[in-house]
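Student: I would like a close look at a single part of this model. Please keep it brisk.

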Amino acid sequence: MTVLELSRWQFGITTVYHFIFVPLTIGLSLVVACMQTAWLIRKDPVYLRMTKFFGKIFLINFAVGVVTGIVQEFQFGMNWSAYSQFVGNVFGAPLAMEALLAFFMESTFIGLWIFGWNRLSPRVHLATIWVAAIGTSLSAYFILAANSWMQHPVGYKVIPGTHKVVLTSIWALLTNSTALAAWPHVFFASLVVTGGVLIAVCAWHVARNNQLEVFRRGLRIGLALTLAAGIVTAVTGDIQARLMDSQQPMKMAAAEALYNTSDSASFSLFTIGSLNGSKELWSIRVPDLLSLIATLNPHGTVQGINNVEAAYAKKYGPGQYKPIIPVTYWAFRLMAGLGLLAALLAAAGLWLTRRRRIPRSRWFYRVALWGLALPYLATTTGWIFTEMGRQPWTVFGLLTTAQSVSAGVTASSVIISLTVFTLLYAGLAAIAGWLMVRHVKEGAPVEAEQPGAPEPLPVFQY
Amino acid sequence: MNLATFWFILIAVLWSGYFVLEGFDFGVGILLPFLGRDDTERRVLVNTIGPVWDGNEVWLLTAGGATFAAFPLWYASMFSGFYLALLLILAALIVRGVCFEFRSKVDSPRWRASWDRAIFAGSALPALLWGVAFANIVRGVPLNAQHVYTGNLLTLLNWYGLLGGLVTLSLFTLHGAIFLGLRTTGELRRRAKRAATGTALAAVPLAAIFLAVTQVSHGKPATDVTAALAAVALIGGAAAALRGREGWAFVGTALTLVLAVATLFGDLWPNVFPSSTSAAYSLTVNNASSAHYTLVVMSWVAVIFTPVVLAYQGWSYWVFRQRLSPSDIGSKQTPPVSGPDTMKSVGGRS
């Protein structure tokens, strides 16, 4: 394999892996903050037990998210130095802002929250988790603004003859329509993932009649969160689809494997056969749906892959301008389908647990547990669709992936790093997963509290 | 002073902050197996940096992000050039980062001993490699006309680079020993003092030789002054540590690290990443920097938000200023449940 292919695999593996942990960090920081707030307002010790129980899951998850995030920032320079030289003027700004404005806040206040239980007053301690949660979401915004610039570059100009872009408006970059649509989509998808974790964890205990005062309530919270956030994620995804149709028509066409421009384009739920534009063997199609998604008009025109490619060849010179169609086609379906399925199952779960009912069927608990895979697969395939659908570009219309790779890095170096990261990450995943399962099985014990110690004791959390 | 030079100084400030802050938590990690004789003692040591190590590490990410934004060519050449060295640092930081969180989660001696070894390795390796990297940056590395690094990992392991590595390793260890003297009590504090004395015997001569060699081959009058002050601060800090004045000793080693970074960056200027192949191929403050507009935007962001960051990080250090001792761990009780009004939870975790 070439340095380019190896570097792409490494970026794909490290990024997908990093994003396994990110959504739960975003969502669970907020959910834990809400639980702690509920405890302080209602003085109900069940909420304290929830806060501590889910807080610990949050921290195990957060640790892996943080350490894999460092790699993300470094590998732009390590593996994609030509990209870094080309875009540093523009792309470096949101990354540096993320570190200074958001990541410092997140890390410092999470430290204060973990260790501050009896060193800070209850209100100040509550504030630390809220600040950390806000820092986390702010951090996501800066990263999505940087990514959105790659999908839909704004606020820049190309300096003729230097092969470099420079920033002309930071405001345009931070209010990029692509970023404004992507952030809510990612944010609510993160809440769906969090809801899925609450459902799986709580259902496991409810099935065993453990600590129902905590886990029945947690289950209902998880189901409601998954349903509500799932609906908003679908709506924001729909808004993104229309932006994508105008900003990256190739990606829209590749999502459906639509080769020729059509009016009243149908949307296939499932296709058997090759997706290379020849006649498919069998498919289930919904008439007019693709036109409706892309243009809000059932008879609207959706451009086809061949037509877009011809237009690009005219604009950017001869070359291949389509992504790997089976990847985009199936990633798009899995993202939307699995995400919607999670929301539908949550709706059914809410019905089955109405008015303090506890379902008896073993199927309820099996689905609740294994359904956890749905939102995780949906967020993963969502990113695979977004990033693979942009190919062959790293920065749409400006720089291709092949032009982005580091000049001085050898294939053997990348083989070493790819191996190290893959093995290290697999090991971390196994350990973190094992620790979480172990913690979950221990349940949420009644919190021991010491009434009115005169001097706050030093805190040992590690 | 132009904006590019302002950013060069700001990046030096970020690296100083990183070395002063993560420097001591690297030191604590390195000393962990030597100073902590049982699990309780090692828990005390880990908990001295528990609330702050993650915030300390963000200084590195900010330095990286600032280099990307302000000097994209420097970022691109350095990070791709030092590929395998950075891989080692990243792997070490990854392992070390999860260690702190994972170590406490299972109450088994074997589990904890494994993580203790990982904390040691994950702290010692970057402590050494940052010095190797910075010494090589000052010395100059083979760069071609496109500013692409043409050496390999072994190119960096020259005697001057390795000397630089030993300097950061010993300085961070000393800095960590002094920090532990400030944050512990009793027997641990006495051991930390002994460790500081021992490490100082290595750190002082190593740093003095490194600074002298650096100034002879790359020095300027202004950096001769900072290098001399760094040496004075280090000797003063070591002397204070010897006399048990931990506060002053910590100020001394912190100043040493700041002044040493100032010396190295001062020696570099106006280069940022000098080429040993030909001076014409060097990356400089001017040919590596971003365009004016990006620098203006980032300057406003830095001027407004750096004080905010310093304020809340300072507050966090203030909150956790209390000394820790093994007897505090034994004070866990399980009294009856009560409402949030009387909340003085002992944590319930172990």
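Student: Which residues have the most contacts inside the largest nonpolar core?

Tutor: They are A96(A) and L90(B), in a core of 269 residues. This is a predicted model: local features need pLDDT of at least 70, side-chain atom pairs count only at pLDDT 80 or more, and totals for chains, interfaces and linings use all residues. Residues are numbered from 1 along each chain as its sequence is written, while chains are lettered from A and ligands numbered from 1 in the order in which they are written.

A nonpolar core here is a set of buried Ala, Val, Leu, Ile, Met, Phe, Trp, Tyr and Cys residues joined through C-beta atoms within 7 Å. Buried means that 20 or more other C-beta atoms lie within 10 Å of a residue's own, with C-beta atoms placed from the backbone. Helix 3 of chain A (residues 81-115) gives the largest share of this core, 23 residues. Helices are DSSP runs of H or I, at least four residues, and strands are runs of E, at least two, numbered from the N terminus.

Now take L90(B). Leaving aside neighbours within four places in sequence, L90(B) is in contact with I70(A), V71(A) and F74(A). Contact means C-beta atoms, placed from the backbone, within 7 Å.

Next, the two chains together. In chain A, 77 residues are in contact with 79 residues of chain B. Helix 3 of chain A supplies the largest share of the chain A side, 23 residues.

Chain B itself has 13 helices and two strands. Of its 350 residues, 57% count as buried. Among its contacts with a separation of 6 or more, 78% join residues 24 or more positions apart.

Definitions and conventions
A residue is buried if 20 or more other C-beta atoms lie within 10 Å of its own, exposed if 12 or fewer, and partly exposed in between; C-beta atoms are placed from the backbone. Two residues are in contact if their C-beta atoms, placed from the backbone, lie within 7 Å.
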